[in-house]
Amino acid sequence: MSNDYTKPSIVKVGNPLYAKHGSSAQSYHFVRDAIEGVKISDLVAQYGSPLFVFSERSLRLKYQQAFKAMQRYYPNLVFGWSYKTNYLNGICQVFHQEGAIAEVVSQFEYEKARSLGIPGNQIIFNGPHKPEGILRRALLEGAQVHADHFYEIEDAEKIAKENGSPITIGIRINLDSGIYPLWSRFGFNLESGQAWAAIRRIAESPHLRFGGVHCHIGTFIMDPTAYSRAIQKLSKLIREAESLVGYNIEYIDLGGGFPSMSQLKGVYQPPEVAISSVEDYAESIGKELQWLASRKPAPKLCFELGRHLVDEAGYLITQVVADKALPDGRRAYVLDAGVNLLYTSTWYKYKIELDRDVPGMMEPSILNGPLCMNIDVVDEAILLPRLPRFQNLILSPVGAYNVTQSMQFIEYRPNIVMIGENKSISLLRRKEGLEDLNRLEG
Amino acid sequence: MPNLRFLNMSANGMAFDPETGESYQMNGSAQFILQSLQKGLDSQEIASALSLKFNIPFEKAHTDVLEFQVQLEMMAKAA
Ligand SMILES: Cc1ncc(COP(=O)(O)O)c(C=O)c1O
């Protein structure tokens with residue numbers, strides 16, 4: 001076939017997308033032919049499409065940068081890897097090798113961390129659902145448990161009583177740090193006095209010891225000063241709690257929430273402009289925590305960063321299955337990956353790259369996934385040259401929450417690989433098959 | 001009803017519809033098909049010509065011509 005043939009294309013001048021992008025440019029600028037030096041075409045040839053690809057270098061780099069930034073301000077620092085963000089064993093192991101302990105929010109995640117060889121006393125246990133069996137195991141194995149509600153304090157008290165020795169427990173706190181939405185459903189509310197009541201309940205039990213406070217104010221927090229405001233409120237509470245119990249707390253845990261370099265829908269500045277650096281977050285937090293940092297010994301300062309560490313390490317390769325003209329003038333593509341694999345597409349406008357230069361006139365286009373569902377939209381407004389069938393697209397960043405929240409709906413979930421040093425490729429999880437799914441049905 | 005087959009075309013692929021005031025941009029193969037339609041050729045004839053001009057299989061050209069004709073109709077309706 002002739003190289004200079006592209007399928008016929010006509011677009012109406014004045015489409016709002018052109019106005020936004022400044023021109024009816026003749027070439028698409030986002031081209032990436034490799035991830036960490038491994039060709040996209042080779043990855044697809046070996047592992048098929050769609051394919052999640054993780055960069056080990058990026059995982060380690062993000063971890064080290066964030067840890068170093070915080071270490072400048074605080075001596076006794078602990079990072080707990082937020083399992084829910086991505087609990088593929090291979091990903092967890094990279095963070096554990098870097099020094100992270102585990103942060104888990106369910107029985108399944110607790111068991112997963114233990115099965116990876118993480119001892120109980122290296123696990124932070126959050127979440128609103130801790131059945132008594134797993135709570136007992138966690139408490140007796142020395143996990144850092146944060147009660148989410150009063151029943152959990154009672155459960156812990158009962159377990160301690162049966163065990164015959166006091167057990168340390170902390171509480172999750174929610175507060176108004178000036179950000180929207182306010183996450184008030186987890187833990188105990190500070191402003192209303194609920195958190196204080198929980199601390200009193202622990203302090204007044206002969207079987208419990210108050211360990212510390214945990215506060216995860218929300219996710220994708222774009223304003224570093226939200227953490228300063230949260231710490232000011234927590235500091236007051238800590239001082240009062242310490243004078244009530246008569247000893248110093250063991251830890252303060254600030255959760256996660258730092259953003260990744262992602263374009264949020266409705267935010268018009270690019271992430272490079274809209275997102276503050278991790279050093280800015282460290283500064284906002286560090287300055288407010290000086291009073292604890294200067295203690296000898298300083299209480300532990302825990303973080304549970306999720307998306308900030310893993311999002312940018314993840315790419316999804318997907319292929320064009322088909323295209324057609326829509327009556328509204330857009331070209332609609334069907335991709336082999338959609339919202340079944342891209343939970344974060346609700347909030348993110350992904351960076352979309354092609355693995356080669358595709359010539360041709362830009363057309364207003366919509367990218368749909370493979371689901372037989374109208375809601376399966378990956379990008380509803382993008383200017384693209386006319387893409388041929390089987391063209392590879394690379395979507396990023398997709399490392400956070402998409403693997404753990406991907407659905408087995410209609411399609412099999414795909415292979416997931418990690419590219420390590422020296423371009424070595426390891427299969428983190430193989431593609432599902434019918435036998436995997438049928439096995440559960442007996 | 002406007003009919004995009006009668007667009008005024010310029011050499012650079014821009015086309016103007018005097019009835020609606022809308023402008024359109026086309027690539028090379030689209031211009032070729034539209035010019036052929038304006039000459040009164042039918043879709044089979046255009047597909048043969050397209051296949052010869054761009055050195056592509058007739059079957060592919062035929063699909064593209066039919067698909068493009070539908071797109072022209074859609075655009076005319078939306079105008
Ligand atoms: C308790 C807790 N810690 C940490 C995280 C990780 O959050 P992020 O990915 O925003 O850093 C979450 C996420 O929801 C969470 O609920």
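This is a predicted model: local features need pLDDT of at least 70, side-chain atom pairs count only at pLDDT 80 or more; totals for chains, interfaces and linings use all residues.
Residues are numbered from 1 along each chain as its sequence is written, and chains are lettered from A in the order in which they are written. Local features need pLDDT of at least 70 and side-chain atom pairs count only at pLDDT 80 or more, while totals for chains, interfaces and linings use all residues; side-chain values use heavy atoms, without hydrogens and water.

Visitor: How many residues does the contact take from chain B and from chain A?
Guide: Contact means heavy atoms within 4.5 Å. The count is given for each chain: 24 residues from chain B and 22 residues from chain A.

Visitor: What area do chain B and chain A bury between them?
Guide: Buried area is the accessible area (1.4 Å probe) that two parts lose on being put together, summed over both. Carbon and sulfur atoms carry 61% of it. The total is about 2,000 Å².

Visitor: Which residue of chain A meets Asp64(B) in a salt bridge?
Guide: A salt bridge needs a side-chain nitrogen of Lys or Arg within 4 Å of a carboxyl oxygen of Asp or Glu. By that rule the interface of chain B and chain A has two. In the pair with Asp64(B), N to O is 2.7 Å, and the partner is Lys7(A).

Visitor: Which element gives the most to the side of chain B that touches chain A?
Guide: Helices (H or I, at least four residues) and strands (E, at least two) are DSSP runs, numbered from the N terminus. On chain B, β3 (23-26), α1 (28-38), α2 (43-54) and α3 (58-78) each supply at least two residues of the side touching chain A. With nine residues, the top contributor is α3(B).

Visitor: What is the order of the four strands in the open sheet?
Guide: Two strands pair if DSSP finds at least two bridges between them. β1 (residues 10-12) of chain A pairs with β3(B) in the antiparallel sense over three bridges. The edge strands are β1 of chain A and β1 (8-9) of chain B, each pairing on one side only. The order is β1(A)-β3(B)-β2(B)-β1(B).

Visitor: Which residue in β3(B) is the bridge partner of Ile10(A)?
Guide: Val11(A) stands opposite Gln25(B) in β3(B). For Ile10(A), the bridge partner is Met26(B).

Visitor: What angle does the direction of α3(B) make with that of β1(A)?
Guide: α3(B) packs on the sheet, touching β1 of chain A together with β3 of chain B. Axes are lines fitted to C-alpha atoms, for helices over the stretch in contact, and angles run from 0 to 180 degrees between N-to-C directions. Here the angle is about 10 degrees.

Visitor: How far apart in sequence are the parts that Glu132(A) and Lys158(A) tie together?
Guide: The structure holds 31 salt bridges over all chains. One of them joins the side chains of Glu132(A) and Lys158(A), at 2.8 Å, N to O. Glu132(A) lies in helix α6 (residues 132-140) of chain A and Lys158(A) in helix α7 (residues 150-163) of chain A, so the parts tied together are 26 residues apart.

Visitor: Which residue does a cis peptide bond join to Tyr180(A)?
Guide: The peptide bond from Ser49(A) to Pro50(A) is cis, with omega near 0 degrees. Pro50(A) sits in the loop between α2 (40-47) and β4 (51-55) of chain A. For Tyr180(A), omega of the cis bond is about -5 degrees, and the residue joined is Pro181(A).
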